[in-house]
Amino acid sequence: MDAYSLNLKCNTVSNLRTAHIFLCDSLVYLNSIYDYSLMFSLVCLFITTLLDIYYEFFGIVVNEEGHTQIRTYLWIIQYIVRFISVIQMCDITSGEAKKARSLIANICNRHLDVNTKEELMLFTNHISSRNIEFSAGGFFNLNTHLITSAIAAGTTYLVILVQFNSASDNKD
């Protein structure tokens, strides 16, 4: 290979590393802008879903005018879809960023010139040092584990609400 193509590979890797640095910085910036609004939105969706399920389970009608079960079920489904889609998009984005590590490692194993390997090692060090995760106010990371945790917590809260309701029915 001639010196021009070797230099071109090295510059390309360097440009990709710089672009990745800018993307990581943008992610941190966006996360700092939207972290509390994401947290507030997810908590409101969670609480609203739980309360709608509880009210529907016990047949409590807040507003008798035009209240139908189908409308309540559609609202519950809409809350659940919004909750899962926000978390899933954050998890997919983080997963794609983590795939870059294995891609760079695979490229590094090829027979390349010294300068390109050096740029790839710098790129690998940068990727390894950056944790690319979305969080909600720093309280919890937005990944698929949050969905299972929310289901477990929601079930627990519903059981507690059922126990409170049965205890108040027994007193009457």
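This is a short tour of a predicted model, one selection at a time. Local features need pLDDT of at least 70, side-chain atom pairs count only at pLDDT 80 or more, and totals for chains, interfaces and linings use all residues. Residues are numbered from 1 along each chain as its sequence is written, and side-chain values use heavy atoms, with hydrogens and water left out.

**Whole chain**

Start with a cartoon view. The protein has four helices and zero strands. From the N terminus, the order is α-α-α-α. Helices (H or I, at least four residues) and strands (E, at least two) are DSSP runs, numbered from the N terminus. Of the 172 residues, 29% are buried. Buried means under 20% relative accessible area, exposed over 50%, and partly exposed in between (1.4 Å probe, protein chains only). Among contacts with a separation of 6 or more, 77% join residues 24 or more positions apart. Contact means heavy atoms within 4.5 Å.

**Residues 36–55**

Select 36–55. An unreviewed UniProt entry places a "transmembrane region" here. UniProt positions follow the numbering used here, feature names are shortened, and annotations may be inferred rather than shown by experiment. The stretch is 100% helix and 0% strand. Its end C-alpha atoms are 28 Å apart.

**M39**

Now pick M39, in helix α1. M39 counts as buried because its relative accessibility is 19%. Beyond residues up to four places away in sequence, M39 touches A136, G137, F139 and F140. Show S135 too: M39 and S135 are 96 residues apart in sequence, yet 8.2 Å apart in space, C-alpha to C-alpha.

**R17**

Go to R17, in helix α1 (residues 3–58). R17 has 18% relative accessibility, so it counts as buried. Setting aside neighbours within four places in sequence, R17 contacts E119, L122 and F123.

**α2 against α3**

Select α2 (residues 69–108) and α3 (residues 114–129). Their axes come within 10 Å and cross at roughly 160°. Therefore α2 is roughly antiparallel to α3. Axes are lines fitted to C-alpha atoms, for helices over the stretch in contact, and angles run from 0 to 180 degrees between N-to-C directions. Under 35 degrees counts as roughly parallel, over 145 as roughly antiparallel, 65 to 115 as roughly perpendicular, and the rest as oblique.

Show side chains at the contact. From α2 come A100, R101, I104, I107 and C108. From α3 come K117, L120, M121, F123, T124, I127 and S128. These contact residues divide into eight nonpolar, two polar and two charged. Ala, Val, Leu, Ile, Met, Phe, Trp, Tyr, Cys and Pro count as nonpolar, Asp, Glu, Lys and Arg as charged, and the others, Gly among them, as polar.
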